[in-house]
Amino acid sequence: MISGNKKDIAKVLPYVNERLRTALRYIETTDFSAIGNGEYEIDGRNVFVRVNTYVTEPREQKKPESHNAYIDVQFLGSGSETIWYMPKDAKHIVSEDRSAEDLLFYAAAEEKDCVNLTAGDFAIFFPWELHRPGCSQKQPEKVQKIVVKVLAE
């Protein structure tokens, strides 16, 4: 997991591959207050974005998830949320397999680490990591979440 703030993206760019650079530059240069909910292609299916608004929920009501084909670059346009995460392990049992959508949900993960995001922050999750996004920090809060999907090949 890599995390940071939009204002510091230039510091990260030299250390990531071209697709991640494309995703981070998109975050750096886009005014998300002018973007509606939906899915938009940036570089075909190599790099695309999903914009959504929702209300965060208590950790217990969210499921740990992972992706096999894509890296998630999760960015908050507004609000705040906590994302719990940990390395994926053979002991983690898939409870819902939506592989056609590159989405696997897990029964339990017992993550011990989290990242607290506020507007302008991002976190990058790789296919070898479980993450549980959309968790409330203190109480439910409306957020604008931008997830840039980066093909991991």
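**Exercise 1. The nonpolar core**

Find how many residues the largest nonpolar core of this predicted model has, and which of them have the most contacts inside it.

*Solution.* Start with the count: the largest nonpolar core holds 22 residues. Inside this core, the most contacts belong to Leu20, Leu24, Val73, Ile124 and Val148. Next, turn to the elements behind it: helix H1 (9-12), helix H2 (18-29), S3, S5, strand S10 (121-125) and S12 each contribute at least two residues. H2 gives the most, with 5 residues.

Now take Leu20 as a worked case. Once its neighbours within four places in sequence are set aside, Leu20 touches Ile71, Val73, Ile124, Phe126 and Val150.

To finish, look for a second core. There is a separate one of 8 residues, with Leu76, Ile83, Phe125 and Val143 among them.

**Exercise 2. The largest pocket**

Second, sort the lining by element. At least two lining residues come from each of strand S3 (47-55), strand S5 (70-78), strand S8 (103-106), strand S11 (129-135) and strand S12 (142-151). S3 provides the largest share, 5 residues.

**Exercise 3. Salt bridges around Glu96**

Which residue forms a salt bridge with Glu96 at 3.0 Å between the closest N and O atoms?

*Solution.* The partner is Lys63. Glu96 lies in strand S7 (residues 94-98) and Lys63 in the loop between S3 and strand S4 (65-66), so the pair, 33 residues apart, links distant parts of the chain.

Glu96, at 27% relative accessibility, is partly exposed, and Lys63 is partly exposed at 41%.

Glu96 has a further bridge, to Arg98, with the closest N and O atoms 3.5 Å apart. Arg98 is partly exposed too, at 29%.

**Exercise 4. A salt-bridge network**

*Solution.* The network consists of Glu39, Glu41, Arg45 and Arg50. Pick out one link: the side chains of Glu41 and Arg45 meet at 3.6 Å, N to O. Glu41 is exposed, with a relative accessible area of 52%, while Arg45 is partly exposed at 37%. Over the whole structure, the search finds 15 salt bridges.

Terms used: Residues numbered from 1 in each chain as written. Predicted model: local features only at pLDDT ≥ 70, side-chain atom pairs only at ≥ 80, totals over all residues. Heavy atoms only, no water. Helix = DSSP H or I, 4+ residues; strand = E, 2+ residues; numbered from the N terminus. Core = buried A, V, L, I, M, F, W, Y, C linked by side-chain atoms within 4.5 Å. Buried < 20%, exposed > 50% of the residue type's maximum accessible area, 1.4 Å probe, protein only. Contact = heavy atoms within 4.5 Å. Salt bridge = Lys/Arg side-chain N within 4 Å of Asp/Glu carboxyl O.
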